[in-house]
Amino acid sequence: MNPEKAARWLSMALDNELPEARRTQLERYLEQHPELVQLRQQWQQLGEHCRRTAPAPDQTPAAAWQDVQRALRQQNAPREAHATILPLRPRWGWLAAAAAVLIMAGVWGWNLRSPSLDLRPIALADRTQVEWVETDLPDAMSMVYEDSTTGLTVIWVMTSDNGEEDEHAG
Amino acid sequence: MAAPASNPVNRDDEPIDVARLVHAAQGGDEQAFGELMQAYHARIYAVLIGMVRNADDARDVSQQVWIKVWSKLDTFKGDANFYTWLYRVATFAGLDFIRRRDRRRETEISDALEPDRNADDIVPTSLTSRPDHAALSAEVQDVFEQALQTLSPEHRTTLILREVEGLSYDEIATVMKCRRGTVMSRIFYARKRIQQALEDLR
């Protein structure tokens, strides 16, 4: 057995992970190599040191539990509801957003090409004849035009004193 | 630690029925979950402070762990020990925290003389007030902490799970999702590294 292998076995023996047969073999080796006995003592001290440097929490479990409950309520994540949220990783989130934009742009573009859905603004003003007429009402203005959709003549009466507008169709 | 992780006790040092509490907590019983937290709180904190080496960070990560445990409890199927599942959640949260912290420090390196020696960590604040720690010289503590900091988070975590929590190699392998041989190597390497640092001091 070489020193490196002996040290590995020693480490395992300290953790009670070395099979019994190898432990016996190691013990025989240690009898002839006192430097490894010293190493064993130092590693044991190291373990004690690790345990000593693991302080108890400065918060009681009850206080910690209250903090956790508070945080859970803030997150509004009741387990009873079994609400399932599928979070997207950041890079997939960007991809999803880009895909959504592309889809929306495609639909809009297709609609522009489609004769059944003409989304271009209609120049109603060009096709509507508006005429201002005199009225007997004080401080009032009247506007008359023919509604192209219904075929009715629309008369708008706007008064300036209270901002009210009246609409009459005939 | 008063009792092994496999046999936790309540605040009156009475053994608790972990399986019953877990089942109740999975059904939304907050009191049952509180009892589980009571039983394992100190252990999870011990693992985390061993990993992150800072009391405030350990407390923050510990809280995150318990929130995660509550929200993920449905995924625990009972085919493994609850404490190994719990340690796994804790160690992965701790490792994730360390990686994010290290990345943050890399970007802030110009502000630090030594990247691993921030003023608010190295020796846990509560550690300095412990009477049984008075015999250790500040120099030895410092060297020990430096040596621990030089270990990778995985090596440090493996050592803590073994030396502080007393988990077996198989249990550590389950917790850290690695092979038993990897656990053995990590512990051996960590011991040699820290031993070497302490010998250099002498």
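Q: Why does B:T75 count as partly exposed?
A: This is a predicted model, and in it B:T75 has 46% relative accessibility. Buried means under 20% and exposed means over 50%. The value falls in between, so B:T75 is partly exposed.

Q: Where is B:T75 placed, and what does its side chain lie beside?
A: B:T75 is in the loop between α3 and α4 (82-107) of chain B. A polar atom of its side chain lies 2.6 Å from the backbone oxygen of B:K72. The C-alpha atoms of B:T75 and B:Q26 are 9.3 Å apart, though 49 residues separate the two along the chain.

Q: What makes B:K192 and A:E4 a salt bridge?
A: The closest N and O atoms of B:K192 and A:E4 are 3.4 Å apart. The cut-off is 4 Å, between a side-chain nitrogen of Lys or Arg and a carboxyl oxygen of Asp or Glu. The pair is within that limit, so the label holds.

Q: Why does the pair of B:K192 and A:E4 join two chains?
A: B:K192 lies in helix α8 of chain B, while A:E4 lies in helix α1 (residues 3-14) of chain A. B:K192 is partly exposed, with a relative accessible area of 38%. A:E4 is also partly exposed, at 38% relative accessibility.

Q: How do you know that A:R70 and A:D67 are about one helical turn apart?
A: They are three residues apart in helix α4 (residues 61-75) of chain A. At 46% relative accessibility, A:R70 is partly exposed.

Q: What ties together parts of chain B that are 44 residues apart in sequence?
A: The salt bridge of B:D57 with B:R101 does, with closest N and O atoms 3.4 Å apart. B:D57 is in helix α3 and B:R101 in helix α4 of chain B, so the pair links those parts. Both residues are buried, and that label requires under 20% relative accessible area.

Q: How many salt bridges cross the interface of chain B and chain A?
A: The rule finds seven across that interface. Over all chains the count comes to 16. One pair is A:D15 and B:R191, whose side chains meet at 2.6 Å, N to O. A:D15 and B:R191 also belong to a network of salt bridges with A:R51, B:R162 and B:E163.

Q: What else describes the contact between chain B and chain A?
A: It takes 50 residues from chain B and 40 residues from chain A. The two chains bury about 4,200 Å² between them, 59% of it on carbon and sulfur atoms. There are 11 residue pairs in polar contact. On the side of chain B that touches chain A, α8(B) gives the most, with 11 residues. By class, that side has 24 nonpolar, 13 polar and 13 charged residues.

Q: Which residues have the most contacts inside the largest nonpolar core?
A: They are B:Y40, B:I44, B:V65, B:W66, B:V69, B:F82 and B:I194, in a core of 82 residues. The largest share, 14 residues, comes from α2(B).

How values were computed: Residues are numbered from 1 along each chain as its sequence is written. Chains are lettered from A and ligands numbered from 1 in the order in which they are written. This is a predicted model: local features need pLDDT of at least 70, side-chain atom pairs count only at pLDDT 80 or more; totals for chains, interfaces and linings use all residues. Side-chain values use heavy atoms; hydrogens and water are left out. Contact means heavy atoms within 4.5 Å. Buried area is the accessible area (1.4 Å probe) that two parts lose on being put together, summed over both. A polar contact is a pair of N or O atoms within 3.5 Å; within protein, one must be able to donate a hydrogen and the other to accept it, and residues adjacent in sequence count only if both atoms are side-chain atoms. Helices (H or I, at least four residues) and strands (E, at least two) are DSSP runs, numbered from the N terminus. Ala, Val, Leu, Ile, Met, Phe, Trp, Tyr, Cys and Pro count as nonpolar, Asp, Glu, Lys and Arg as charged, and the others, Gly among them, as polar. A nonpolar core is a set of buried Ala, Val, Leu, Ile, Met, Phe, Trp, Tyr and Cys residues joined through side-chain atoms within 4.5 Å. Buried means under 20% relative accessible area, exposed over 50%, partly exposed in between (1.4 Å probe, protein chains only).
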